[in-house]
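Student: I am new to this structure. Can we go through it together, one question at a time?

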Amino acid sequence: MIETIEALRQHQLVILRRLRKSPLTEFELAQEITAHSGFTTDQCEESMASWLTELREEGLIWSGALTNEHGQSMLVAALTGRGKELVC
């Protein structure tokens, strides 16, 4: 269980810190992780769903998919109260 900032991996820390201001889409989070870690955009796109699932299972974020009338979807995420306590 993640209880301190020091227990977070780099991409997890970037996700949580970027969510402090507002919810973000998977595309916005991928750009931030690419800019602030050693991951490429392709790696972020491939791993984002599992990274968000890990953080959701830890109770640090809420995440889900938004789908439009054409069946296109994207992931979105926001901090939970516990996530805010950890990074704010």
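Tutor: Start with two helices. Helices here are DSSP runs of H or I with at least four residues, strands are E runs of at least two, and both are numbered from the N terminus.

Student: What kind of model is this, and how are residues numbered?

Tutor: This is a predicted model: local features need pLDDT of at least 70, side-chain atom pairs count only at pLDDT 80 or more, and totals for chains, interfaces and linings use all residues. Side-chain values use heavy atoms, with hydrogens and water left out, and residues are numbered along each chain as its sequence is written, from 1.

Student: At roughly what angle do the axes of α1 and α3 cross?

Tutor: Axes are lines fitted to C-alpha atoms, for helices over the stretch in contact, and angles run from 0 to 180 degrees between N-to-C directions. The contact, meaning heavy atoms within 4.5 Å, is made by H11, Q12, I15 and L16 of α1 and M48, W51, L52, E54 and L55 of α3. The axes of α1 and α3 come within 11 Å and cross at roughly 75°.

Student: How do α1 and α2 lie, oblique or roughly parallel?

Tutor: Helix α1 covers residues 10-18. Its axis comes within 9 Å of that of α2, and the two cross at roughly 130°. That makes α1 to α2 oblique.

Student: Is the crossing of α1 and α2 left-handed or right-handed?

Tutor: Q10, H11, V14, I15 and R18 in α1 meet L29, E32, I33 and H36 in α2. A crossing is left-handed if the near helix is turned anticlockwise from the far one by less than a right angle, and right-handed if clockwise. The crossing of α1 past α2 is right-handed.

Student: Which elements do the buried residues of α1 pack against?

Tutor: Buried means under 20% relative accessible area, exposed over 50%, and partly exposed in between (1.4 Å probe, protein chains only). In α1, the buried residues are H11, Q12, L13, V14, I15 and L16. They pack against α2, α3, β2, β3 and α4 (81-87).

Student: Which residues of α3 meet α2?

Tutor: The axes of α2 and α3 come within 9 Å and cross at roughly 120°. That makes α2 oblique to α3, and the crossing is right-handed. From α2, E26, L29, A30, I33 and T34 take part; they meet, in α3, T41, C44, M48, W51 and L52.

Student: Why is the pair of F39 and W51 called edge-to-face?

Tutor: Rings of Phe, Tyr and Trp (its six-membered ring) pair if their centres lie within 6.5 Å; planes under 30 degrees apart count as stacked, over 60 as edge-to-face and the rest as tilted. The count comes to one aromatic pair. The rings of F39 and W51 have centres 4.9 Å apart and planes at 65°, so the pair is edge-to-face.

Student: Which residue in the hairpin of β2 and β3 takes a positive phi?

Tutor: This hairpin has five residues between the strands. A positive phi near 85° is taken by G71.

Technical notes. Two strands pair if DSSP finds at least two bridges between them. Angles under 35 degrees count as roughly parallel, over 145 as roughly antiparallel, 65 to 115 as roughly perpendicular and the rest as oblique.
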